[in-house]
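Hi,

Here is the structure I said I'd pass on. Have a look at it first, and then read on for what turned up.

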Amino acid sequence: MAKQEDIFKNVVSHAKEYGFIFPSSEVYDGLSAVYDYAQNGVELKKNIREYWWKSMVQMNENIVGLDAAILMHPTTWKASGHVDAFNDPLIDNKDSKKRYRADVLVEEFAEKINQKAQKEIEKARARFGDAFNEEEFVTTNARVVEYLSKYKEILSRLAKGMTDDLQDVKALIEELEIADPETGSRNWTDVKQFNLMFGTKLGASADSAMDLYLRPETAQGIFVNFLNVQKSGRMKVPFGIAQTGKAFRNEIVARQFIFRMREFEQMEMQFFVRPGEEMKWYHHWKETRLKWHLSLGLGKENYRFHDHEKLAHYANAAADIEFNFPFGFKELEGIHSRTDFDLKAHEQFSGKKLQYFDPELNENYVPYVVETSVGLDRMFLAVFATSLKEETLEDGSTRTVLKLPSVLAPTKAAILPLVKKDGLPDIARTIIEDLKWDFTVAYDEKDAVGRRYRRQDALGTPFCITVDHQTIEDQTVTIRHRDTMKQDRVKISELKDIIENEVSTKNWLMKM
Ligand code: GAP
């Protein structure tokens, strides 16, 4: 556990030290759960967004893009259900005056019990070696059976309380003697619902100003534009509309760095299908989205599906793609079969028809929708945290290397003159002038070349190209590969193809 925490701390400090992510308005001590993407972070984030956009929009004839406004007519959020039901259950501690999500307090308590079971399992695995039978052990070892049944019982009582009566959640917190994590006090208020949308106002005068919300998801901008896009693009069902953009949620538990933020970015796609065909498309998108994640090569073992048993009122199937973050498996992306709920709700609230005429069936209908929704910041965290490695080299020294998928790396190549004289910087500059049309490249002449390699390793740059005295003679340079540290001598004229071959989106997406 301590190790996991250390890894996570390392991720946060590396992100800051190497110019990926800073706390927002840090000179004023920051703003809780709001972050800024710095010079390298913004490139990595842009590359992830583009990798998603290319696979969803550019590669699919029947998916088009959209960039809807963040501010929308307030009735949108009445129709979508967000005004009435986008709530978190809150509990305050009367002594510390601290506010918590009641469900998270219970989940964290339950997780500690689960961890005790997992520890026993790991101890037994180490003791019995290859002969260890986990399935048998978890059903026969009295202590593990007790821990796991307690764990499951707490989670199922929590789920019931969350749907039936929040007073039961309060009773559960009291029964389990859950204390304020910061002060140890058990003096709790009742559990209350708290709406997560940020309110704002449109208009100059206080009397006529209109109450608005900052959108809590990008999806509704797609739904209300469904017919505009279908008609103007002459789209035929099945077709999709994809969008990336900011969303805002007044999250109560906003720890875990960029995992849960108050201002974040989503990459969403709504796929409009014939009623009755939604399950076929739901399974298609579940598999397709997992393949997209796997194409980045972060390890198959780091992903799993979590199929929802309890469904939101608008869904008839839903699953999360969970990722193994430094703090355990958590939701990275949601795939939801949303039925015709959203379009029908907007028809009802707007009084306008949002229907499609299907020429093959010769009938009008409200399409069903399969949605894929992934958090861009969560993708960033998944990629960044998994790529950050401490390696011990053959000579016993260590290096910190960010083994980012090269297609996503902020800088594709650093060009390094071996020394700052003899015309080597000029040659390096010429190489940059040639490569910068196709790739983001950097120039670095400060410090010994070994230190410069280490700096680029920590930034995730896949290639270092060194210009030395031999370059003057024969127009060759050394190209060093970040992951293997292997160096090859190649012609300057070959550089573009070598880099392209390694970082091209096509080569990465072809792995899907
Ligand atoms: N339109 C569906 C929707 O918004 P969601 O499960 O609430 O569904 C989709 O959000 C994705 O957005 C999540 O899987 C997660 O990656 C990301 N996300 C949600 N809340 C977030 C937050 N507070 N901070 C960062 N990412 C978040």
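Between domain 1 and domain 2, the C-alpha centres are 29 Å apart. Seven residues of domain 1 and eight residues of domain 2 make up the contact. Keep in mind throughout that this is a predicted model.

To find your way around: domain 1 comes in two pieces of sequence, 1–82 and 196–390. Domain 2 covers 87–193, and domain 3 runs over 393–509.

Which residues of domain 1 lose the most area to domain 2? They are Leu 196, Ile 252 and Val 253, which together give 60% of what the domain 1 side buries. If you sort the residues on that side of domain 1 by type, you get three nonpolar, four charged and no polar ones.

Now for the ligand. There are 20 residues around it, and the ones that come nearest are Glu 217, Met 261, Glu 268, Glu 331 and Leu 332. Glu 217 has a side-chain N or O atom 2.6 Å from a nitrogen atom of the ligand. With Met 261 the backbone is involved: one of its polar backbone atoms is 2.8 Å from a ligand nitrogen. Arg 249 places a polar side-chain atom 2.9 Å from an oxygen atom of the ligand. How much of the ligand's own accessible area does the protein cover? The figure is 91% of 550 Å².

Cheers

Note on methods:
Residues numbered from 1 in each chain as written. Predicted model: local features only at pLDDT ≥ 70, side-chain atom pairs only at ≥ 80, totals over all residues. Heavy atoms only, no water. Domains from an automatic or database assignment. Contact = heavy atoms within 4.5 Å. Buried area = accessible area lost by both parts, 1.4 Å probe. Nonpolar A, V, L, I, M, F, W, Y, C, P; charged D, E, K, R; others polar. Near = heavy atom within 4 Å. Polar contact = N/O pair within 3.5 Å; in protein donor to acceptor, adjacent residues only side chain to side chain. Areas by Shrake-Rupley, 256 points an atom, 1.4 Å probe, with all protein chains shown as cover.
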